[in-house]
Amino acid sequence: MTTLVPAGPDFLALFTQFEHTAFRLETRDRYNSPSETTRFALHRAGDPAWLDLDRVERADWFELMRAATGAGKRVERVRVVTEPHSDYIRFEADMTPGNLEAGEDIRYLPRTHPAVAGLPSWDYWLFDSRLVARLVFDDDDRLQGAELLDDPGRVVDHCAWRDAAWHYAIPYREYFKDM
């Protein structure tokens, strides 16, 4: 099956339907989310008000993650990042403690690591090792939706990429301890 789910409520519903694990591979150095525009500008300007705004604007996501992880489910991410970090990656890293508090486990893999050569160039979520949501972005890095894939061969490929990325990725607090 290949189905395109638009960004929005139908896509978010995937996070209430998984039973055990949700894994995200992030491969981009920039994401262009209209909901982040003000927070990103404040962050770049060094205005600490961005953080209070962030907590309010992502409250629904945090609640969704707390519900999932509170039910014993795992939500994991590996972010493949270019060093030195882009402005967006610095912003995203500064937002990460909120995700961690909500129960997500987020790790980083420098783009120069040899394992990255074997990873795909696209972002995806993998649910329960049986459904892939390959994320679709427009030319301006805005999320359009996700292509759902459940073909066993393609799912196995995404599971192998998850395992390789996770094996080498560095936990957030360790990766940023000296930065």
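In the predicted model, the protein chain comprises 8 helices and 8 strands. Its radius of gyration is 16 Å, close to the 16 Å that the globule rule gives for 179 residues, so the chain is as compact as a globular protein of that length. Along the principal axes, the C-alpha atoms occupy a box of roughly 45 × 35 × 35 Å. Buried positions account for 45% of the 179 residues. Of the contacts with a separation of 6 or more, 76% join residues 24 or more positions apart.

In soluble globular proteins, nonpolar side chains tend to be buried together. Here the largest nonpolar core contains 35 residues, and the members touching the most others are Phe 11, Leu 14, Phe 15, Tyr 108, Trp 125, Phe 127 and Ala 133. Helix H6 supplies the largest share of this core, with 6 residues. Beyond its neighbours within four places in sequence, Ala 133 contacts Phe 11, Leu 14, Asp 123, Tyr 124, Trp 125, Phe 127, Ala 146, Glu 147 and Leu 148. A second, separate core consists of 15 residues, among them Val 80, Leu 119, Leu 149 and Ala 165.

Helix H6 (residues 87–101) also packs against helix H3 (residues 37–44), the two axes coming within 10 Å and crossing at roughly 100 degrees. Because this angle falls between 65 and 115 degrees, H3 and H6 are roughly perpendicular to each other. On the H3 side, the contact involves Arg 39, Phe 40, His 43 and Arg 44, while H6 contributes Asp 87, Tyr 88, Arg 90, Phe 91, Asp 94 and Met 95. By residue class, the contact comprises 5 charged, 4 nonpolar and 1 polar residues.

Note on methods: Residues numbered from 1 in each chain as written. Predicted model: local features only at pLDDT ≥ 70, side-chain atom pairs only at ≥ 80, totals over all residues. Heavy atoms only, no water. Axes fitted to C-alpha atoms, helices over the stretch in contact; angles between N-to-C directions. Helix = DSSP H or I, 4+ residues; strand = E, 2+ residues; numbered from the N terminus. Parallel < 35°, antiparallel > 145°, perpendicular 65-115°, else oblique. Contact = heavy atoms within 4.5 Å. Nonpolar A, V, L, I, M, F, W, Y, C, P; charged D, E, K, R; others polar. Core = buried A, V, L, I, M, F, W, Y, C linked by side-chain atoms within 4.5 Å. Buried < 20%, exposed > 50% of the residue type's maximum accessible area, 1.4 Å probe, protein only. Rg over C-alpha atoms; globule rule 2.2 N^0.38 Å.
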